[in-house]
Structure formats: structure tokens, C-alpha cells
Amino acid sequence: METGKRVSWVELYLDLIFVLAAGQLAHMIVADPEAKTVWTALGLFFVIWWTWIGFAVLYNRFGDESGPLRAYVLAGSVPAGVAAVAIGPAGHGDVVPLAIALALTRVVLAAANARGGGIKEVLRGRIAIAYLISAAVFLLSLAVPAPGRYVLWFLAISWESGQILREDKAAIRRARAERDWRALSPDNPDERLDAAHFAERFGLFLIILLGEVVIEAGTSVADGDTHSLVAWVALAAAMVLAAALWWLYFDAAANVNERVLALSGGSPTLARSIYAIGHMLPAFSLLLIAAGVGLLLEGDSEKVAYVLPAVGLGVYLLGTRALLGGRDHAARLVRLALLVITFTLARLYGHVEPHHYVLVLAGWTVMCAVLASRTPLRLVGETSANAD
């Protein structure tokens, strides 16, 4: 594994803000486990996710432990922290505090990106202007009723994300033709990303979300019947489930993703595809699993408590590509069948008690982790890129 820039202490502090945001989203789903709540949580997760990515890309390109950029990150943590708390009211329709906080966070990101090189430098100026436009859209959206307001939010984030991680379509066509990740390497060295730092940032964010599984499980049992042996066994199963989820990603996918990004020369196109977009749904799926496990350990016998972790686990397996490998065609078909079955585990509703269902989920996830470990994940193009 190549050695690159390491995650800084100030970035770890900033992650505390997003721990709070993740907790708010998980609690929102637990408090009102309905389809509408899940979609609302996904929308709010989308804006928080890209806000966090803004800081990750900023420090990846321009950050160092001794520079004043730390002050900008700390300044950004203030409105970002307000946004994390404002998720609760936003879930019930009061989006004013959240929109203002997100706009102020983007003003800080604009200033941080423009620092040093100034607004006239192509990369810094492009990103700074994108964040200022996005901030303005968030503020203007307050005058627009829903659902138009949320369409504006989506357009603003789509715009800013395309500027911080610009897609190079010509390079994509070249890489596909040559079947070589190195063809994606950007011509402008300032556009390149440090693969080791980017991989570590996203790995740490997934660990934050895995922590929500542990927190929801522990809180549910602690607030329930602590004299029930079945509850304690189910809690242990939930911990096994979280550990297996960790294994599914960090045993193979994390290393492969980092290696491919490194081979591409830190391509923002590939970083956007694999990490920024590719990790979003698997990351959110961990919140679904956390909420579902929390409900199950509370003894909730409603069907939604069975559906949330099953769908969450299926999305996680699909997003991390854990079961998409295989030594031959038959093995790949078996793994695909297991992936499909994962989404249907909720059919056990009415046949398996909530605490016992947690044991089923844990055992199924462990089995998937074992299968994924037997055939390491490989990505198309990696072999040709190593040929030299």
C-alpha cells in the first residue's frame, strides 16, 4: 500500500460534528420508522454527505498540519455543527436553520478554497465560486415552497460537486479504450487527489456510521429489560453484525478502491465515481441497519423493523460489491442469489421473534463476509495497469 497524506487531527475533530448528524438521522428513523421518514432522512443525508466531502477534498488538496487552513476547518465546524442539530427540525418541515447553516458552511468552504492561490487561480477560483453560488441558492431556496426548495438544494449540490471533483469525459473514454486506470490521470497536477488520504477519510466516515449500529443496539438494550438473557444475546449478535459489516468493507474493498485511485494518479473523476457517489448509499444503508437493529432490540414486532436492516444490508453488500466477485460463472451466480435473498430476509416477519431475527441477520452477514474473503475483490483494469 502506498503511503500518502495522513488524516489530520483537525479533520478528526470535524468528524465529531458528523457523528452528531449521523445520530440525528438514525434517531429520526427510529422515532418514526415509516417510508416517508426514510426518504426524508436520505435527502438530509445527501446534503450532509456532500458538505463533509467538501472538507475532505479541501484538506486533501491544500491542507497540512502547520498551515492556517486548520482555522478555516474549525470555523466551518461551527455552522456545520448547527446544521447537524438542525436536522431534527428539518425532518419535521422547519428547514430555515438547516438552510442557513449549510449556506454559511459553504461560505467558509469558498473562503478556504480561495485562500493562498486567490480567486484568480483556476482550480481554487472555480471551486470558491461554485460554493458561493451554492450558498446563495440555499438562502434563496427559503423563499421557495417545498418541493421546489429541495430541487434547488439538489441542483446546488450537483453544481458544487461537479466543480470540486470535475469529471473528465475525454479521459474516461481513453481509459475505457486502453483498459488502464492510468489514462484517467488529470493533466493539471493541482486537480489530483492523494489516494491514501481520500481512502482513509471515507473509511473513517464508514466507521462513524458503523458506530451508530453499536450505539443504537446498546441504547435499546440499556433502556429495555436488562434482566432478559435473550436481549443480551441479541445485543452480542448485533455487535457481531457490526464487526462483520466492518470486515466486508475493510478486508478487501477499501484496499482495492485506494489502489485503483492511486493507479489513476488521483483522478477526481474516479474519486467522484468510487467514493463520493459510490459510497453514499452504502454509507446511508448503515443508518438503516442501525435503526432497524435498534427497533428489533426494543422488541418492536412491526414489519418495518424487519425491513430496514434487510434492505440496509442488501444495499451495503451491493454498494461495497462484496458479493459481486467469484472464481467462475457458477460462483458468481450463487453470490448474486445470496444478494437477492438478503433483500427478502424481511419475509421472516411473523415467523421469527425480533431478538431472534437479530441473530439471523448477524449469522447471514458473517456468512457473506466469509464468502467475500474467499475471493478477493478485483476491479476491471487493475491487471492491465500493473502490467508495466
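Q: How many salt bridges does the rule give here?
A: This is a predicted model, so to speak plainly, local features need pLDDT of at least 70 and side-chain atom pairs count only at pLDDT 80 or more, while totals for chains, interfaces and linings use all residues. Residues are numbered from 1 along each chain as its sequence is written, and side-chain values use heavy atoms, with hydrogens and water left out. A salt bridge here is a side-chain nitrogen of Lys or Arg within 4 Å of a carboxyl oxygen of Asp or Glu. By that rule, the count is six.

Q: Which residue forms a salt bridge with E200?
A: The closest N and O atoms of the pair sit 3.2 Å apart. E200 is in helix α8 and its partner lies in the segment before α1, 194 residues apart; helices are DSSP runs of H or I, at least four residues, numbered from the N terminus. The partner is R6.

Q: Is D15 buried or exposed?
A: D15 pairs with R201 in a salt bridge, 2.9 Å from N to O. Buried means under 20% relative accessible area, exposed over 50%, and partly exposed in between (1.4 Å probe, protein chains only). With a relative accessible area of 5%, D15 is buried.

Q: Which side chain of opposite charge is nearest to E212?
A: E212, in helix α8, is buried yet has no salt bridge. For charge, Lys and Arg count as positive and Asp and Glu as negative, with His and the chain ends not counted. The nearest opposite charge is 15 Å away, on R201.

Methods:
Helix = DSSP H or I, 4+ residues; strand = E, 2+ residues; numbered from the N terminus.
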